[in-house]
Structure formats: structure tokens, C-alpha cells
Amino acid sequence: MMAGTSEILLVDDNPADLDLTIDALAQSSWPSRVNTVSDGAEAIAYLRHEGIYSTASRPHLILLDLNLPRKDGRAVLADVKTDPSLRRIPVVIFSTSQAAKDIERSYELGANSYVSKPPTLGEWVSAVKLMKDFWIGCACLPREEQND
Amino acid sequence: MSATATVRQHENPSAAIKPQLRVLLVEDNPGDRDLILQELGKGEFDVISDVVQTAEEFRQRMKTNIPDVVLADYNLGQWRGMEALEILRSEGLDIPLILVSGAMGAVTAVECLKQGVTDYVLKDSLSRLSVALRGALKDKEARQERNRNQQALAGKVEELARSNADLEQFAYVASHDLQEPLRMVSAYTQLLAERYRGKLDEQADKYISYAVDGAARMQSLIQDLLAFSRVGRQETALKITDCNEIVGESMRDLQAAILESRASVTHGALPRVMASGTQLKQVFQNLIGNALKFRRSDPPVIHISAERKGPDWIFSVADNGIGISAEHAESIFVIFNRLHTRTEYPGNGIGLAISKKIIERHGGTIQALPNPVGGTIFRFTLPAGKMAKKQDPA
């Protein structure tokens, strides 16, 4: 469980879904700061502090959509989970897809969980709240990997 | 009398103009050759003939100039008439071959016919040649006609399968891709409804509630369309399936509805069939579920039974519900077809469409019949297959 304000990174190209998720995250009582990027390449730049993201903070949780422009969510996931300095960050896939192959592939690549975007507002809000309450309020999170 | 004779002549112009026939004679004996050619000239055909002697010549001819009929001597010194048949086959040619032979025993003749020779004519009764030719041509025409029909049918079947597959793929992709924008509409109209109810005016609240309802209904239709197309996309792995267990599971899943309606659901001894258990359960669930839903005021009485008829098992799900008039007995199986308003009976009209698709994929048929004691009987067939005898329930 997180002491202080947690950083959450949302990666999604649909602004309506982003707004809905931000709204739902705000309904959980754990203090958090939400940052958003709208494609996979931006997500990697954000995480590696590149370009305009040089001062970006390291997220405690990433919600990652699968179908993204420029760099696919699967490729982002693969990059994060093979990068020694990023692989400890919990990544929750949050995608419309319910296809078995997407779910299986995501776990193979090291996703920490897979949540398919619910069809109704009520389910959406409760799914996002559950995710945040669990990862920020309940789970023990690792420290950043040190090069020692 | 003379008038009739004139008419006849008009009716049969072929008496005047002989049909053309290209005959290839495979004969190495010049005497026999001349006799056969002479005989051919007498018949009802305008014969264009040609002669080859060796197998090589024959093979060459079959690549360049293909005749209507081959007349081959049974015994050609260097080779045999039957080898000509093999050459025709290897070239993929469907040309009648008539054997001409000096002497041929009945056993040999039958053997040759079995192997595919169209007919045989003995050299001392060459007058039979024209009969043999006519028969051979008729045979060939009939065979070609049959082939054409078979090809046309196979083409249609393939076309139909392809268009069905396309349609299923289309339904899947369309419904899949429709979900995301629709979710936006649905979520944001719900958000509007939650946060702005009472803050605009009464009209606005009403409009928003219409939009919310419409989006919700659209979502459930799309879910159903996906479920429907999934039946067609899934591999149906057939396993030995005990229908008693399947019906039992369906009843457990429907327990709440059964208790709520105080229904009596019973079944007789049911067979084991080759089926996809999951899909068959879906069928029973849909049919029992329908019987529970479309009930009269008194508690539903539902009975499931099966009887063997020829190669099939016939399953019946009989109820005492509101019944289905004969004019709707077929349309109820069409996707999204409903006979009642949503307020009378909720639902999208997907259950029977899915059931029909499942049964048809299992090689059966399904129909709705009036129950003589009131209500409806849904009757469907499943092939009994090779495991039929052992699993007779009785």
C-alpha cells in the first residue's frame, strides 16, 4: 500500500475513455496524480524521461490500452517488461478486446493483470476504482530497481 | 392418311440431315478397317473418320485432335484396345470407347465393360455398330449433363458456404468494432443522466433517458449478434454427450426462474448423442427458458423427451404456455424477430436463432409445433450416429 500521493499513468488514444477513467479514479479515496499519454511511443518517451518528459515522474501504476497508434500497447508492454529499470512497475492492460489471444499474450509478456473495458458506466467506474484500490491501497509495491 | 405422313417428315428433319460424328478408328488390319468404315457410312451419322495404328499415334492424336468416339480393335498385334482406354483416362478424356473384336468371350466382354468400355461389337455382326454408337453418344451426353449439374451444385454450395462465412465474419467485425463508439455514447449519456438530472428541464431529462435506453438496447443487440456469429465461428468439437446431464445442468442454471414461476420441469430418458455439450446446453436452456417466459397465468408445465426415428433422435420440449400461431412458426427462428413488445416479454429474439444455428450445425433441424393440449412443442433432431444402439434409453 502506498504512502503519500501515487502517480498513475494512463495510456489510451480515446479521450472519452481517458476522461471516464480519470473521473472514476477520482472516486477512489487514495490520493493520486494522473498523467495521460495518447500513444505507445509517447508512453515509452514518458517512462524513459525523453524529450518533453524529462521531468516526468515515475508512475506507480500504468493502465495500458492495447490498440494504440504509433506504438502498439503490446510492444509498449514488451518494452516495459524487458527494461530492468521499468519492469517492476505494475502494468494493468485496460482494453476493449476480450479476445483470448490478447489476454494470453498480455500475460505472457508480463502484464500484471488484464481488465476488459466494461460496457456500462457503472461497471466502468467500479472496475477502475477496484483497480486503484487494489494496486494503490492494498498491494505492496516494489521499490525502484537500483543499480548497486 | 397422306397428310399425316407429310407432317411426320417435318417433325423429323434429322432424317434428311445426318448429325456429324468424328470417329477415330484404332485398327491395324486394312481389311477390317475398310469393312468398319463402310459400315459406318451406312448408319445414321455423317461420319468423319480417321485411323491410327500404334499406341504412340493414338496418344499423339488425343493431344491434338479429339474425336467424339473411339473404335478400337481388341487385339492390335503390338498393343491392345484396352490400353487405349488407359490412355484416354491418363489424358483425362471422357470419350466413349467401343471395342471391335473378331471374337470375344462373354467373360472378357463383361470384364472390359466393367473397366469402363462403353460397348463392344463383334466383327461378324458389324451391323450393330450404329446401335452401339448411338448408345455411346447418349451415355456420354447423360454423363456430361450429370457432371455439369454436379459442378453447378458444388459451385453453389461453395458459394453459399463462402457467403455465410463472410456474413459471420462481417457480423463479428461489425459488432466488435461498434462496441467501442457505442460504449462512449452509452457511458456519457449515463453520466449526463446521473449528473444533470433535474438541472436542465423535464424535456431534457426525458431526452437523456431515451438516449440511455437506446444505447443500452443497442449494446445488448450487439452482444447478441456477437454471440450469434460466435456459434458459426467456433469449431464444433463433437463428443459423446449425455443429454440427461445436459438437461439437468440447464435446469440448474434456470433454477431461479423455475422456482419463481413455480414451474414443473420434467424429462424422460434421454439418449447420448455426438454433440458439443456447451452448445447443446445452450439449446436446452433457450427452449426451457422460452417455455418459462411465454407462460399463461397458471404455472408452466414443461416436459422434455426423446424418441428414435430412423437415423435420428427426435427431441421434444413441450410446454403449456401461450403457444405460437402457425403463421409465426418459422419467423420466430429469424434473428431479432420478436412477436411481442418488450414490455410484454423482454428479450431481443436471439435465443431461437442461436438454437436453430446450433442444431443445424449438428446436422439436425428444429421446428415449432402447436401442442395438442395447448402450448408449444419445440421439436429438434440430432443424428443418432454410430453410437445409437448401445445408448438406447429404453
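In chain A, 70% of the contacts with a separation of 6 or more are between residues 24 or more positions apart; two residues are in contact if their C-beta atoms, placed from the backbone, lie within 7 Å. This is a predicted model, where local features need pLDDT of at least 70, side-chain atom pairs count only at pLDDT 80 or more, and totals for chains, interfaces and linings use all residues. Residues are numbered from 1 along each chain as its sequence is written, while chains are lettered from A and ligands numbered from 1 in the order in which they are written.

Chain A has five helices and five strands, and along the sequence they run β-α-β-α-β-α-β-α-β-α. Helices (H or I, at least four residues) and strands (E, at least two) are DSSP runs, numbered from the N terminus. Of its 148 residues, 34% are buried, meaning that 20 or more other C-beta atoms lie within 10 Å of a residue's own.

Where the chains meet, chain B puts in ten residues and chain A eight. Nine on the chain B side come from its helix α6 (residues 129-196), the largest share.

Then there are the nonpolar cores, sets of buried Ala, Val, Leu, Ile, Met, Phe, Trp, Tyr and Cys residues joined through C-beta atoms within 7 Å. The largest has 44 residues, with B:Phe284, B:Leu287 and B:Ala291 among those with the most contacts inside it. Helix α10 (residues 277-293) of chain B gives the most to this core, seven residues. Apart from it lies another core of 34 residues, including A:Leu25 and A:Trp135.

Definitions and conventions. Buried ≥ 20, exposed ≤ 12 C-beta atoms within 10 Å, placed from the backbone.
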